[in-house]
Amino acid sequence: MDTFNKKSTLLWLLTVLVVFLVAIIFGLTMRMEQANMVELGPLNFYVLMTSHGLLMAGVWFVAGMAGIQYILSRYFSVPRWGSIVAYVCTLLGVVVLLFSTFFAKLHAGWYFLYPLPFYAKGMQIGPLLFLIALTILGVGWLLWSLVLIASILKKYTVAQALAWHHLTGKSEPAVSPFILISFVSLIGVTSCILAAVVLLVLYYIEMLSSGSVSNDPLLMKNLTFFFGHTLVNEMLYLGLAVLYELFPKMAGKPAYKTSWYVALSWNATLLIVLFAYFHHLYMDFVQPVAFQYIGQIMSWFAPLPAAVVTIFSVLTTIYRSNMKWNLAALLYFFGVMFWAIGGVGAILDAVIANNFVLHNTQWVPAHFHTYNLLGNVFFSLAFASWFADEIGDNKIKPGLVKVIFSLLVIGGVGFVIAFYLGGALSVPRRVDMYNEVVSEGVSLAQIAVVFAFLYLVGMIIYTIDFTKRCAGQLFS
Amino acid sequence: MTIQKEVFLVFTVMFLIIVSVFFLVFLSSVKSGELQNVNHKRAIFFFIAFGTVLLVLGISLPKSPYFLYSKEEPAQKVFVVAKQFSFSISKYPINTDDDFNMSAGAEVTVPVNGVIEFNVSSKDVNHGFSLYKEGVLQAQVQAMPGYVNRLRWKFTESGTYDILCLEYCGVAHAAMAATIKVE
């Protein structure tokens with residue numbers, strides 16, 4: 001095994017796990033504030049909210065990318081510098097980001113909806129530091145994504161990497177689902193980071209013009225959600241690409257092949273996902289109505305290829321498989337289940353008529369925490385568990401598998417159910433306290449705190465075990 | 001039952017179906033069986049899912065709020081301007097800072113069962129304009145700087161409705177609220 005590949009992946013995973021623990025503690029503290037268990041004050045609450053959102057989006061994106069880099073390197077040589085630049089930029093970007101939030105008190109939320117950064121309280125330098133942090137992260141991640149795309153294109157043409165020849169029944173050159181999904185996801189990642197680049201440039205122009213230039217809020221909102229929504233979707237697909245590669249082998253089944261319908265579904269996904277973000281602007285009635293309808297249509301068609309191909313394949317792989325379950329397989333299998341459940345929550349919210357009474361209520365964090373906390377995170381933890389088994393000195397103890405898995409599932413499910421109930425009861429999201437109109441939010445937050453704590457304990461045990469089994473390899 | 005609770009009910013049913021399917025398959029994994037060609041079942045599953053998507057789109061798209069009461073004359077136009085961290089609501093256009101200050105905090109009364117056209121905008125950042133009746137969200141629209149979002153709504157019950165900001169707008173977002181009276 002390539003030593004660089006092993007050590008760099010290990011370093012990424014250790015970093016991800018540590019940052020994830022920190023970000024969970026931020027989130028838990030926010031729920032404690034909403035539950036009236038601590039007194040942070042609104043400014044500190046929103047500082048935590050901004051840091052929590054960005055760290056979570058960033059950390060699971062790089063976890064997905066690290067998985068892709070590792071598996072790709074088993075197919076062919078991938079340049080090292082993409083991963084190195086991305087790692088340095090990620091560390092530097094996170095330091096500047098936390099400086100902008102905790103020191104300069106920038107609290108504009110993770111998608112910093114224009115023009116809020118200019119109106120937020122806190123130090124004057126805050127918005128600039130925040131934009132610099134995002135620029136550093138964006139540059140590192142864009143380069144990494146381009147390096148991975150280039151390494152795929154060294155072996156395949158664009159048409160081959162998109163498996164178009166499989167659509168016409170040809171099987172050569174064979175393109176594995178892993179290559180296809182990685183390529184599709186990396187194109188999506190590159191597109192949304194480019195949108196973020198445009199967004200940041202427009203911010204910088206306005207900032208440097210000292211008020212003589214102002215941007216169009218509707219355009220900025222479209223750019224923001226094209227970037228934010230697409231990034232979160234694509235990072236899920238990065239995790240799925242690795243699942244396609246590893247999961248059948250865990251079940252002792254032949255590797256998944258790229259059939260015509262697998263090729264068709266992921267090509268369709270590539271296009272559909274780019275238009276689904278419109279659902280974030282349903283309540284902006286000045287947005288052209290055609291875009292709103294496209295948003296709902298695309299949001300409802302988006303899960304079809306995934307459901308029909310991925311979920312069906314995972315279920316048929318496990319059915320009467322005489323499976324020997326380990327932590328990685330459990331996390332993959334049930335991660336797909338929670339991804340499907342979160343998807344149901346998402347498409348119900350993506351009905352415009354429902355969104356009219358669910359938008360910006362707790363239904364939103366309910367569904368995205370379901371497919372992130374219990375879906376995407378499970379995919380990356382599954383990869384990390386498989387990786388630890390590959391390189392670690394010892395296997396995880398069976399008793400520990402039960403403890404970790406139970407804590408993550410019970411903690412995660414209880415935590416998101418409190419959010420779903422909040423959505424059903426019209427409780428708003430992103431508030432530091434609940435007024436008398438929506439006072440049910442307090443009891444729901446108290447319930448959520450208990451379950452979030454269980455999830456945190458599960459993650460602490462997971463991280464300690466992973467570190468004990470693997471960290472020594474960094475220095476070997 | 002509110003729309004929110006209906007959605008929650010549908011979600012719960014789907015949740016239970018998905019969990020049951022995964023658990024049944026999980027339980028089956030202790031056995032071993034021959035590999036089967038499942039493409040036929042996959043095709044059936046696809047067409048059922050495809051049909052369901054078309055059905056939902058066909059039923060739900062026409063219920064979108066963009067053309068609510070568009071063929072009726074509004075009984076009352078109401079102008080709403082949001083600004084960190086208050087709403088200014090008036091039956092007259094709010095164009096200047098003076099207009100804003102005069103109407104900030106004042107309660108407007110509108111007729112029950114008449115179409116009300118809310119013209120909603122913002123003077124600074126994005127806000128959310130939402131109407132709550134006894135803690136239940138009835139309708140909402142965004143308040144965006146530089147644009148006017150028009151929401152038509154008919155109040156079918158008299159009483160006092162709460163207005164909350166539903167788009168995160170800064171440090172006192174949670175306290176940004178107002179009321180409107182319906183008679």
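How many residues of chain B are in contact with residues of chain A? It's 66 residues of chain B against 66 of chain A, where contact takes C-beta atoms, placed from the backbone, within 7 Å. Keep in mind that this is a predicted model, where local features need pLDDT of at least 70, side-chain atom pairs count only at pLDDT 80 or more, and totals for chains, interfaces and linings use all residues. Residues are numbered from 1 along each chain as its sequence is written, while chains are lettered from A and ligands numbered from 1 in the order in which they are written.

**The chain B side of the interface**

- Helix 1 (3-28) of chain B gives the largest share of the side that touches chain A, with 15 residues.
- Helix 2 and strands 5 (127-133), 6 (136-143), 7 (149-154) and 8 (159-164) of chain B also supply at least two residues each; helices (H or I, at least four residues) and strands (E, at least two) are DSSP runs, numbered from the N terminus.
- Sorted by class, this side of chain B has 41 nonpolar, 17 polar and eight charged residues. Here Ala, Val, Leu, Ile, Met, Phe, Trp, Tyr, Cys and Pro count as nonpolar, Asp, Glu, Lys and Arg as charged, and the others, Gly among them, as polar.

**A helix pair across the interface**

- Helix 12 (residues 303-318) of chain A packs against helix 2 (residues 39-60) of chain B at about 155°, with the axes 10 Å apart. Axes are lines fitted to C-alpha atoms, for helices over the stretch in contact, and angles run from 0 to 180 degrees between N-to-C directions.
- That angle makes the two helices roughly antiparallel (over 145 degrees; under 35 is roughly parallel, 65 to 115 roughly perpendicular and the rest oblique).
- On the chain A helix, A:Leu304, A:Ala307, A:Val308 and A:Phe312 do the touching, and their partners on chain B include B:Arg42, B:Phe45 and B:Phe46.

- A:Tyr114 to A:Pro115 is a cis peptide bond, with omega near -5°, and A:Pro115 sits in the loop between helix 3 (81-103) and helix 4 (116-119) of chain A.
- Another cis bond links A:Glu172 and A:Pro173, omega about -5°; A:Pro173 is in the loop between helix 7 (164-167) and helix 8 (177-208) of chain A.
- A:Lys105 isn't a glycine, yet has a positive phi of about 65°. With 18 C-beta neighbours inside 10 Å, A:Lys105 counts as partly exposed (20 or more is buried, 12 or fewer exposed, in between partly exposed).
- B:Asn113, in the loop between strand 3 (108-110) and strand 4 (115-122) of chain B, also has a positive phi, near 65°.

Key:
Contact = placed C-beta atoms within 7 Å.
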